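Hello,

Here is the structure we talked about. Please open it and keep it beside you as you read the notes below.

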Amino acid sequence: MRTEPVPRDPSAAAAAVSHDRSTAWLLDVLADAVAGMQTSLCWFSAHALGDRVFTVAANDASAAALLTRCLLPANLQPAVAPHLRVFVCAGSAAPFVRPPAWNLPRTDLRHLENLHLDPAGRVSASYDPARRCWMILDLSTRRALLWIADAGDLPVWETVAPFRQFLQWSLAGTALSVVHGGAVVHARHAVLLVGPSGSGKSTTVAACLQAGLGACGDDLVVVDRSARDWRVHALHDSIKLLPNPAVAIPSRLRDAPWGACGDKRFVRYSDAAPGLLVRTAPLRALLHCRVAKNPASRLVPVAPAEMLKAIGPPTVFFLRGREAHILGEVSALVRTLPGLRLELGGDPAEAAALLKNWLENCPYGERDA
Amino acid sequence: MMADDPLLRINTRLAAEEFEEEIVLLDVVRGLYFSLGGAAVDLWRAFGEARAALEVVDALCARQAGADRAALMNAIDGMRDHQLLLPAASGDPDSGARPPIPAAAGIFLPPVVEAFSDLADLIAIDPVHEVDAATGWPVRPAHFPDAD
C-alpha cells in the first residue's frame, strides 16, 4: 500500500498549497493576457541573447519600439524555436483590462519584494505597484508577459536595459548568465570589468572606446561557458555616460543622438559608429575595478573568492530571483578565469592604455583567429 | 546535550560558494553577504549537520594544535548573530545518526567572520521597484529616507 508522507509542519504544507495556487493564478494571468492580445498584435521583432534568439510581440507599437530600441537584432530561423517569446501588453482600455494588483497571499519571504518564484523553477514573476506592471515568465512554455497599465509609465532605465529580469530568469539551467559588468575588447580578447556603482566601470569603458578599443557592454553582459573558452556576449546596444569634466565623452560617441537617463546620458553604440559594440568575444580575465590613490593604474592578481564578492552580490541583488543559478555561474566564472584588481589611477586614458597593452599581450588563452 | 547548548545548523536559506580557504555566503532576502575565513570555514562545514557548539569546538581543538577555544566560541556566536547558524529543527537527526565532523585544516587559523551590508539598503527599499524613476537601480528615490 502506498503511503503519503506526513508533513512535519501542517502550516508549512498549507502554505505550500497556497503558494502553488498563486503560481497557477499567475499562469492564468499570463495565458489570458496573451490570448486576449492575439487579435491586436501589431509588433514582432527578434533579438539576440548570446547565441540564442528571443522574440517580442506587442499590442502597442510605440511601447514595443521603446522596449526594443536598445536590444540587438537577430534573425529568427524558421526551424528553430525561439529561446523565449516575450509578449508586451500595454493599455487598460477595451478590449484590454487593467492589470490586476498584487494580491498574492504571503506564503514566501520573497513576496515582501513582490517576487513570486515557484520552487520548481517554472514560474517567476514580479510586480511593480507604482506602474501596475507585471512581469511573468513561464519557463515550461518559454513565454513571458510584460503587462503594464499605461505604456507612458515605462521608465527610461527600463527601456535602456529592457527585459533584463526575464532574460536572466530564462537562462536558469543553461550555460549562459547575465552578469553585472562591462566588457572591453581588443586584439580579439575581452576582459570583464566588475565592481559596484561608482567603481569606474563605465568611465573605463568610455576611455577604452576613446582609445580605439571595442566594448561588449558597460552594465549588463551575458557570459557563456558552453564553448571551450568562456565568452562574453553583448546584451544591450546602449552605454550610459555620466557627464564628467574629468572624462570627456569619447568623440566616437559625442555626436550620436543621446537620451537622458537620470543624471546620465545614454547612447546607442549603433548610432555612434559601426563596430563599436562587439557582439561576442572570448573572455580572458575578470577585472575588479577600484578607484585607487596611486597615480598610475595597475593590475594586481586577486583570489577567486575576492572576485566572487565583487561580481556575485551586485549581480544577484540587481537581477533578483533564481539567485542560486546566478551565483553558481559566477562562481564557475571566477574559478576558471584569472582575476585581477584594476586599481584605477587618476587618468582614465592611462587606464585604457594599460588595458590595451594587456590585451595585446594577453597571457591567457589562445587568440580567437 | 545541555539545554543551554542547543543543536545548531547552517542556515540553508543562504546561497553558499565554498573555496579552499574561504566561503562566501549570500542572504538574498536581507541583502547581506558574508565571508568566512580561517577556522570559520571548518565551523561552517561542521555545522552542515545539526550539532552542539561544544561538540564542534571540542572536536576542532582535539584535531588542531594551538586551536583557540574562545575564538571558536566567539565565531559561533557571531555566526548565530548573523543568522548563518540557526537552531536545528526538531526533525534533524540525533547524534547517533550524524556523520563525523569533517576534517579540519592541519594548522589552526583564527576564525574570521566578515559581514558586508553595502548592498542591504537596496534590498530594504525593494530594489526591483522602489528606485529612482529616472535613473533606476541602484539610485534610491530622493524622498526615500536614509537607512541610518
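Helices here are DSSP runs of H or I with at least four residues, and strands are runs of E with at least two, numbered from the N terminus. This is a predicted model: local features need pLDDT of at least 70, side-chain atom pairs count only at pLDDT 80 or more, and totals for chains, interfaces and linings use all residues. Residues are numbered from 1 along each chain as its sequence is written, and side-chain values use heavy atoms, without hydrogens and water.

Start with α5(A). Just after this helix, G212(A) has a positive phi of about 95°. Eight of the 10 residues of α5(A) are buried (under 20% relative accessible area, with a 1.4 Å probe and protein chains only). So α5(A) is largely enclosed by the rest of the structure. Among the buried residues are K201(A), V205(A) and L209(A).

Now its partner. Helix α5 (residues 201-210) of chain A packs against helix α10 (residues 348-360) of chain A at about 70°, with axes 8 Å apart (lines fitted to C-alpha atoms over the stretch in contact; angles run from 0 to 180 degrees between N-to-C directions). That makes the two helices roughly perpendicular (65 to 115 degrees). From α5(A), the contact (heavy atoms within 4.5 Å) uses T203(A), T204(A), A207(A) and C208(A).

Last, the cysteines. The whole structure has zero disulfides (cysteine sulfur pairs within 2.5 Å). For C208(A), the nearest cysteine sulfur is that of C289(A), 9.2 Å away. C208(A) is buried, at 0% relative accessible area.

Best wishes

How values were computed. Chains lettered and ligands numbered in written order. Parallel < 35°, antiparallel > 145°, perpendicular 65-115°, else oblique. Buried < 20%, exposed > 50% of the residue type's maximum accessible area, 1.4 Å probe, protein only.
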